[in-house]
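I opened the model to look up a few helices, the nonpolar core and some charged residues. My entries follow the order in which I went through them.

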Amino acid sequence: MMEQNHVLNVGIIGLGEVAQVIHLPVLQSLPQHYRITALCDVSPKLLQHLGEQYRVENLYTDMNDLVRQEDIDVVLVLNSDEYHADCAIAAANQKKHVLIEKPMCLTFAEADAIIEARDRNQIQIMIGYMRRYAPAFVQAVKEIGGIEHIGYARIRDIIGPNSFFVRQSSHTVMFNDIPEPNKAERKQRAERLGQEATGLTPDDPLFGFYRFLAGLGSHDLSAMREAIGMPKSVIGAKLAMQPESMFLNVIFDYGTFSVTYETGSDQQGRFDAHVEVYGSRKSVKVQYDTPYIRHLPTKLYIEETEGEVFKETVIRPTFTDPYTHELKALHELIVNNGTPKTTPEDAREDLVVFGMIMEALQRT
């Protein structure tokens with residue numbers, strides 16, 4: 001077991017928007033927990049730029065070189081999800097702990113390979129479902145557990161373009177210098193994994209939607225599973241795709257109650273994401289805001305009726321963003337050799353739920 005104040009050396013694979021807006025600044029704000037010691041990206045100019053900005057000397061365009069750096073304790077896998085499994089397994093094979101941004105991966109074969117690599121190398125792998133580390137959500141799960149009979153639940157995540165928030169609040173950079181062979185290999189990999197995951201061909205309208213579901217949907221469906229468990233089945237699903245919007249409605253069967261799942265993306269400059277669970281005399285709701293503006297609060301709303309009294313409670317546990325809580329949890333996990341709640345086995349269950357939804361959509 002490491003000392004509690006041990007500073008972990010971090011290597012980061014993937015320096016895109018989420019790394020620039022969130023992970024790099026959060027890591028830099030936690031000097032008592034982390035030291036950024038290596039960066040990797042396929043864009044040489046981006047790599048050089050961020051290396052200079054964060055004063056990191058160990059710069060790599062090949063993730064295999066990064067994971068072999070001896071002094072790295074933990075690797076953050078933040079690149080495109082086609083590569084998550086390969087990067088995580090390579091890091092594990094070098095005895096590095098790993099945080100994988102959601103979605104963990106796209107296929108069951110990849111999930112099983114990640115689990116096998118973790119067990120064989122006896123390291124920690126945590127999946128970055130940051131919404132589940134928000135104190136408001138943690139408290140909500142406890143409140144939901146006190147509801148004797150759930151009557152209904154609603155999961156909602158309808159957002160506008162991330163760029164709407166990023167361009168007003170952050171400075172990000174990108175360069176047009178990714179080698180053409182890398183672009184072609186990524187496209188081929190995406191098609192291969194997409195076909196393996198869905199059984200569909202790339203020209204099928206639902207083929208691209210699976211990536212949307214894995215990206216945005218993994219947030220909501222993962223939180224749903226922790227709050228109320230796994231659904232039994234999908235009663236029905238409808239996808240509406242327009243030139244500048246895409247919306248999905250799903251009804252999940254939970255046996256004694258149903259759950260409505262609404263998700264989509266359009267061109268509106270707003271972010272509406274929540275988990276809401278209804279009992280007969282109590283309802284619990286967690287409301288999220290965009291993660292691309294740090295420290296916007298996640299709020300917990302509780303409504304209760306006792307006799308003639310109806311009570312509404314609004315709780316803002318903290319302004320500290322969920323990513324900071326997540327990375328603090330990762331540090332504690334590693335130094336104390338604990339077990340994360342967002343394990344690869346847990347993330348694998350998302351693939352099961354994705355499959356339920358895709359099967360229902362193909363029935364319609």
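These are my notes on what I looked up, and the model is a predicted one.

**Helix H2**

I began with H2, residues 44-53, and listed its buried residues: Leu46, Leu47, Leu50 and Gly51. They span an arc of only 130° around the axis, so they sit on the same side of H2. I then checked the face turned away from that buried side and found the exposed residues Lys45 and Glu52 there. Next I looked up what covers the buried residues of H2; the cover includes helix H1 (17-28), strand E2 (34-40) and strand E3 (58-60). After H2 comes Arg55, and I noted its positive phi, near 55°.

**Nonpolar core**

The largest nonpolar core has 122 residues, and I looked for the members that touch the most others: Ile12, Ile228, Phe252 and Ile357. Helix H9, residues 205-228, gives the most to this core, with 13 residues. Nonpolar side chains tend to be buried together in soluble globular proteins. I followed up Ile12 and left out residues up to four places away in sequence; its contacts include Leu24, Leu27, Ile36, Leu66 and Leu78.

**H8 against H9**

How do the axes of H8 and H9 cross? I read a crossing at roughly 95°, with the axes of H8 (residues 180-198) and H9 coming within 10 Å. The range for roughly perpendicular is 65 to 115 degrees, and H8 and H9 are therefore roughly perpendicular to each other. On the H8 side of the meeting I listed Ala190, Glu191, Gly194, Gln195, Ala197 and Thr198, and on the H9 side Phe207, Tyr210 and Arg211.

**Lys282**

Is Lys282 buried or exposed? I found a relative accessible area of 19%; buried means under 20%, so Lys282 is buried. Lys282 lies in strand E12, residues 282-288. Its side chain makes a polar contact of 2.5 Å with the side chain of Glu143. Setting aside neighbours within four places in sequence, I found Lys282 in contact with Glu143, Ile147, Val277, Ile302, Glu303 and Glu304.

**Glu262**

I placed Glu262 in strand E10, residues 258-265. Its relative accessibility is 18%, and Glu262 therefore counts as buried. I looked for a side-chain partner and found Arg156, in a polar contact of 3.2 Å with Glu262. Beyond neighbours within four places in sequence, the contacts of Glu262 include Arg154, Ile155, Asp157, Ile158, Leu248 and Asn249.

Key: Residues are numbered from 1 along each chain as its sequence is written. This is a predicted model: local features need pLDDT of at least 70, side-chain atom pairs count only at pLDDT 80 or more; totals for chains, interfaces and linings use all residues. Side-chain values use heavy atoms; hydrogens and water are left out. Helices (H or I, at least four residues) and strands (E, at least two) are DSSP runs, numbered from the N terminus. Buried means under 20% relative accessible area, exposed over 50%, partly exposed in between (1.4 Å probe, protein chains only). A polar contact is a pair of N or O atoms within 3.5 Å; within protein, one must be able to donate a hydrogen and the other to accept it, and residues adjacent in sequence count only if both atoms are side-chain atoms. Contact means heavy atoms within 4.5 Å. The arc is that of the directions from the helix axis to the C-beta atoms. A nonpolar core is a set of buried Ala, Val, Leu, Ile, Met, Phe, Trp, Tyr and Cys residues joined through side-chain atoms within 4.5 Å. Axes are lines fitted to C-alpha atoms, for helices over the stretch in contact, and angles run from 0 to 180 degrees between N-to-C directions. Angles under 35 degrees count as roughly parallel, over 145 as roughly antiparallel, 65 to 115 as roughly perpendicular and the rest as oblique.
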